[in-house]
Amino acid sequence: MRNLILMVMAASLSQAVTAFAQTTAYPAKPIRYIVGYTPAGTADMLARAVGQKLHEAWGQQVIVENRPGAGTNIGTEVAAKSAPDGYTLFMPTVANAINPTLYGKLTYDPVRDFAYVTNFAKVPGIVVCHPSVPVKDVKELVALAKANPDALRHGSTGIGSPHHLAAEIFKSMTGVKMIHVPYRGASPALTDVIAGHIEIYFGAMVSTIPHVKSGRLRALGVTSLKRVAAAGDTRTLDEQGLKGFETGSWFGMAVPAGTPRDIIVKLHAGATKAIAAPDLRDRMSAEGAEFVGDSPEQFAAFVKSEIAKWAKAVRASGAKPE
């Protein structure tokens, strides 16, 4: 019996030593970072910026692999089914909180199939109107919409997008009726609202704020709980009476479930140090980003809360995948 106990202890010690050796050597080869979007967007830019910082710190390349399609589901599935060895990273975003309800049945589970490392940043949305619309803030928009049901058209970057659903939450909280006009991306939506073909636009801060600063659009409110420096003195919707209104995009890092805890700890330390770099902060803060850098446990809890929040919005809107 004593020999058996010694054998078990020796085997356990051997496994621990092997795991320690693997972790301390990590990363021993290039790492891929899967992003479910095309290049040049916020998700892609953040992944490349963080990846470069990790490369500088660890001496191993972090290769961004863009896998767009099906509302980010293609890239998410690839990441979920990858080996949990720390050599596949994934960029979770608000789409991963929306998709479980929007698509109904997925080939992966965003909670069960991932271990969350940290939330890099939140980027709020903004509500704007064409200058010809006779409103200066959300209170006046609500009054105008109530006086003219279904007369105002609001654009978004597509059915089921966070900006479409933000508008649905807005309509639900205020009781107003407006017509949703979905577009395939921010560019065509902004083109039409600037031209006056639609009156209202719920969009991303990054792409919209330059047109506010130029005077082509008027800002009515931001969708974060705190004001955003990039939007000047524009008040939040929460400040304007829609208590608790908070929507927007967020971008982070996750790994396949089962990835060793020590690797997750090392990734967390490296990623949070990367987003603290002044050059990255200056660039993203100018676009309205609020940096987070939370713990793995906090990020996992946040993702669960986002899934529950967006589920209500998707069901209320009746949105279906395009």
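**Reading strands, helices and loops in a predicted model**

Me: In which sense do strand S4 (residues 114-129) and S9 pair, and over how many bridges?

Reply: Two strands count as paired if DSSP finds at least two bridges between them. Strands (E, at least two residues) and helices (H or I, at least four) are DSSP runs, numbered from the N terminus. Here S4 and S9 pair in the antiparallel sense, over nine bridges. Look at Thr118: its bridge partner in S9 is Met253.

Me: Before going on, what kind of model is this?

Reply: It is a predicted model, where local features need pLDDT of at least 70 and side-chain atom pairs count only at pLDDT 80 or more, while totals for chains, interfaces and linings use all residues. Residues are numbered from 1 along each chain as its sequence is written, and side-chain values use heavy atoms, with hydrogens and water left out.

Me: Back to S9. How many of its residues are buried?

Reply: Buried means under 20% relative accessible area; exposed means over 50%; partly exposed lies in between (1.4 Å probe, protein chains only). In S9, nine of the nine residues are buried, so the strand is largely enclosed by the rest of the structure.

Me: Which strand runs parallel to strand S5 (residues 153-156)?

Reply: Strand S6 (residues 179-182) does, joined to S5 by four bridges. Gly155 stands opposite Val181 in S6. The chain goes from S5 through H6 to S6, a right-handed β-α-β crossover. To judge the hand, point the strands away from you: the path from the first strand over the helix to the second runs clockwise if right-handed.

Me: Why is helix H4 (residues 95-102) called largely enclosed?

Reply: Six of its eight residues are buried, so the rest of the structure largely encloses H4. The buried ones are Ala95, Asn96, Ala97, Ile98, Asn99 and Leu102. The cover includes helix H3 (73-80), strand S3 (88-90), helix H6 (162-174), strand S9 (248-256) and helix H11 (296-317). After H4 comes Gly104, with a positive phi near 80°.

Me: What describes two packed helices?

Reply: The angle between their axes and the distance between the axes. Axes are lines fitted to C-alpha atoms, for helices over the stretch in contact; angles run from 0 to 180 degrees between N-to-C directions. Under 35 degrees is roughly parallel, over 145 roughly antiparallel, 65 to 115 roughly perpendicular, and the rest oblique.

Take helix H7 (residues 186-195) and helix H8 (residues 205-213). Their axes come within 11 Å and cross at roughly 25°. H7 and H8 are therefore roughly parallel to each other. Ala186, Leu190 and Ile194 of H7 make the contact with Ser207, Thr208 and His211 of H8.

Me: Is the crossing of H7 and H8 left-handed or right-handed?

Reply: A crossing is left-handed if the near helix is turned anticlockwise from the far one by less than a right angle, and right-handed if clockwise. This crossing of H7 and H8 is right-handed.

Me: At what angle do helix H2 (residues 42-58) and helix H10 (residues 278-285) pack?

Reply: About 170°, with the axes 11 Å apart. That makes H2 roughly antiparallel to H10. Thr42, Met45, Leu46, Ala49, Val50 and Lys53 in H2 meet Asp279, Leu280, Arg283 and Met284 in H10.

Me: Now the loops. Which peptide bond is cis?

Reply: The bond from Tyr26 to Pro27 is cis, with omega near -5°. Pro27 sits in the loop between helix H1 (2-25) and strand S1 (31-35).

Me: What is the phi of Ala70, and of Asp150?

Reply: Ala70 has a positive phi of about 55°, although it is not a glycine. Ala70 lies in the loop between strand S2 (62-66) and H3, and counts as partly exposed at 42% relative accessibility. Asp150, also a residue other than glycine, has a positive phi near 60°. Find Asp150 in the loop between helix H5 (138-147) and S5. Asp150 is partly exposed, with a relative accessible area of 41%.

Note on methods. Contact = heavy atoms within 4.5 Å.
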